[in-house]
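Take a look at the chain below. Then read on for a short tour of its strands, its surface and its charges.

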Amino acid sequence: MRYQETRPLPGGGRAPSRWQGELEGHLGRVEYTAVASTPVAEVTPGGGFLGFEFQGRHTPPAGPSRELAGRGFAECGGRG
C-alpha cells in the first residue's frame with residue numbers, strides 16, 4: 001500500500017486520504033486506488049477506522065480482466 005495523501009488525526013498521528021494498493025493470490029491480482037470517504041472514527045489514541053471508496057482492476061491467472069469499484073472500512077493510524 002502506498003499513501004498518496006494523508007491528513008492529521010486530532011489525537012496525533014496521520015490517516016490516509018488517498019492510497020494505492022495491490023493484492024495477489026491464487027485467484028489473480030487486484031490493483032486499486034482508494035479515497036477516504038468519512039472522517040476517522042477514533043477508537044484508539046492516534047488511530048481508528050475510516051470509510052473509503054475504491055476503483056481498480058482484477059486480473060485473473062487466465063481470462064479477461066475486469067473493473068472493480070466499491071466501498072469499505074479500513075483501520076488506520078496508531079494501535080494504542
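How far apart are the mean positions of the 9 positive and 8 negative charges of the protein chain? They lie 1 Å apart. Keep in mind that this is a predicted model.

Now the fold. The protein chain has 6 strands and 0 helices. Read from the N terminus, its elements run β-β-β-β-β-β.

Start with strand 1, residues 2-8, and strand 2, residues 14-25. These two run antiparallel and are joined by 6 bridges. Arg 7 sits opposite Ala 15 of strand 2. The two strands make a hairpin, with 5 residues between them. In that turn, Gly 12 has a positive phi of about 100°.

Strand 2 also pairs with strand 3, residues 28-36. This pairing is antiparallel too, with 8 bridges. Here Glu 22 has Glu 31 in strand 3 as its bridge partner. Strand 2 and strand 3 form a hairpin as well, with 2 residues between them.

The table sets out the two pairings.

| Strands paired | Bridges | Residues between |
|---|---|---|
| Strand 1 and strand 2 | 6 bridges | 5 residues |
| Strand 2 and strand 3 | 8 bridges | 2 residues |

Next, the whole chain. Its C-alpha atoms fill a box of roughly 45 × 20 × 20 Å along the principal axes. Of its 80 residues, 28% are buried. The chain exposes about 5,400 Å². Carbon and sulfur atoms supply 54% of that area.

Last, the contacts. Take those with a separation of 6 or more: 35% of them link residues 24 or more positions apart.

Technical notes:
Residues numbered from 1 in each chain as written. Predicted model: local features only at pLDDT ≥ 70, side-chain atom pairs only at ≥ 80, totals over all residues. Heavy atoms only, no water. Pairing = 2+ DSSP bridges. Helix = DSSP H or I, 4+ residues; strand = E, 2+ residues; numbered from the N terminus. Buried < 20%, exposed > 50% of the residue type's maximum accessible area, 1.4 Å probe, protein only. Contact = heavy atoms within 4.5 Å. Areas by Shrake-Rupley, 256 points an atom, 1.4 Å probe, with all protein chains shown as cover. Lys, Arg positive; Asp, Glu negative; His and termini not counted. Charge placed at Lys NZ, Arg CZ, Asp CG, Glu CD.
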